[in-house]
Amino acid sequence: MSETKSKAAVTDADYAECAVPKESRRSILTMFMIMLGFTFFSASMWVGQELADGLDFGGFMGALILGGIILGLYTGLLGYVGGKTGLSLDLLAQKAFGTKGSYLPSAMISVTQIGWFGVGIAMFAIPVANELLGGSTAAEWALVIIAGICMTASAYFGIKSLTIISYIAVPLVAVLGTVAMVLAVQRGDGTIVEQFAKSSGTLTVIGGAGLVVGSFVSGGSATPNFTRFAKNGAVGAITTVVAFFIGNSLMFFFGAVSSIFVGGNDIFEVMINLNLFYLAVLVLGLNIWTTNDNALYSAGLGLANIFHQKKKPMVLISGVVGTVASVWLYYNFCNWLNILNCTLPPVGIILVLGYFMHGEDYVDGVKNTKVVDWFAVFGVVLGAVVANLVNWGIASINGMVVAAVCYCIGQAINKK
């Protein structure tokens, strides 16, 4: 590591501008907790509801496993690259897309993560205000502001505070949510398998797997931002795959049980139905917090790359924007966010291919002379178009295949 980079690392514990040095890497348990907390995403419960409404139990499990494998392969590769290189998504993008070409993936990840951050705040504030204070607008906005400040603060202080939040929230959400789910099933009419059998059967397993992949492929694209703190590439990959499969599966089960037994889409509603109001608020808040601080952290890194600023002020700006716009985002922007989700897998696959095809460029100290790799940029654009417009197969895979072909063609041409 150069003297300049080393000095930068001393003042920046999050290493926004350089690789994470070996002495600053985290334990496998810490990485697992961070990645597991990242997957505790309330919007994934919405997908669990859709799966429960459209599949029987066998189909639900099939979609869960198939989608989990696809999502695990994608995020696992990104986790490996992040852990191996110690580079964030944005620094990896500088290698694959060029120094200025990296602005495209940085902008895409920043917009989607700020969007989901805002939606997440509203997902906490609106139901709690409805249950606690009769849906008062003033109470709703008070909760929005409080949640926004707390979640922005944890992202502002970086990986250390993200770690603390994860160690507190992950066990509580997992245990309390699972207990509530089991109680709901026990009090229900028949077994969970029998209840799933009443589904409308409007989904196929492939369609369900597509929902599973799409539920977190956007956030999953930011995996290197966290696995760069892993001891090595293997730890980054393993903790990502295991945590994502466990965390996502738990969220889908929470959503499915909520749909089947109380007609909702969130474990919060299950716990309210069980008269566990305060525990419900705790679980809902922590569940969203563990994802929202990670999302804002990624947005801050992305904006820092685009505007050549420090990460912390970019996190603050992102937090203010997401908080102020949260209620509007919740009611108006979810469909647009789902469209944007399809644009990120092409970015991720190009980052992976860039590393495996040009590993020599990722050695510490190698100067990046590429300004814009137009084949990478074109691959993302074309991949995003195909992912959103082609109805056959799984959208994110379609986008990745197109982007990969474009990028590989470009590297072959450049060699000549």
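Reader: Hi! Are H2 and H8 roughly parallel or roughly perpendicular to each other?

Author: H2 and H8 are roughly perpendicular to each other. Keep in mind that this is a predicted model.

Reader: Noted. What angle do helix H2 and helix H8 pack at, and how far apart are their axes?

Author: The angle is about 75°, and the axes are 8 Å apart. Angles of 65 to 115 degrees count as roughly perpendicular, so H2 and H8 get that label. For orientation, H2 covers residues 28–39 and H8 covers residues 159–187.

Reader: Nice. Which residues in H2 meet H8?

Author: On the H2 side they are Leu29, Thr30, Met33, Ile34, Leu36 and Gly37. They meet Ile159, Thr163, Ser166, Tyr167, Val170 and Pro171 in H8.

Reader: And by class, how many residues in that contact are nonpolar, polar or charged?

Author: The contact of H2 with H8 has 8 nonpolar and 4 polar residues, with no charged ones.

Reader: New topic, Asp266. Where is Asp266 placed?

Author: Asp266 sits in the loop between H12 and helix H13 (267–273).

Reader: Does Asp266 count as buried or exposed, and why?

Author: Asp266 counts as buried because its relative accessibility is 8%, and the cut-off for buried is under 20%.

Reader: What does the Asp266 side chain reach?

Author: The side chain of Asp266 reaches the backbone nitrogen of Phe268 at 2.8 Å. Not counting residues up to four places away in sequence, Asp266 touches Ser42, Met45, Ser258 and Leu284.

Reader: Last one! Which helix does Thr152 lie in, and what does Thr152 touch?

Author: Thr152 lies in helix H7, residues 137–156. Thr152 is buried as well, with a relative accessible area of 8%. Beyond residues up to four places away in sequence, Thr152 touches Phe117, Leu296, Val315, Leu316, Gly319 and Thr323.

Methods
Residues are numbered from 1 along each chain as its sequence is written. This is a predicted model: local features need pLDDT of at least 70, side-chain atom pairs count only at pLDDT 80 or more; totals for chains, interfaces and linings use all residues. Side-chain values use heavy atoms; hydrogens and water are left out. Helices (H or I, at least four residues) and strands (E, at least two) are DSSP runs, numbered from the N terminus. Buried means under 20% relative accessible area, exposed over 50%, partly exposed in between (1.4 Å probe, protein chains only). Contact means heavy atoms within 4.5 Å. Axes are lines fitted to C-alpha atoms, for helices over the stretch in contact, and angles run from 0 to 180 degrees between N-to-C directions. Angles under 35 degrees count as roughly parallel, over 145 as roughly antiparallel, 65 to 115 as roughly perpendicular and the rest as oblique. Ala, Val, Leu, Ile, Met, Phe, Trp, Tyr, Cys and Pro count as nonpolar, Asp, Glu, Lys and Arg as charged, and the others, Gly among them, as polar. A polar contact is a pair of N or O atoms within 3.5 Å; within protein, one must be able to donate a hydrogen and the other to accept it, and residues adjacent in sequence count only if both atoms are side-chain atoms.
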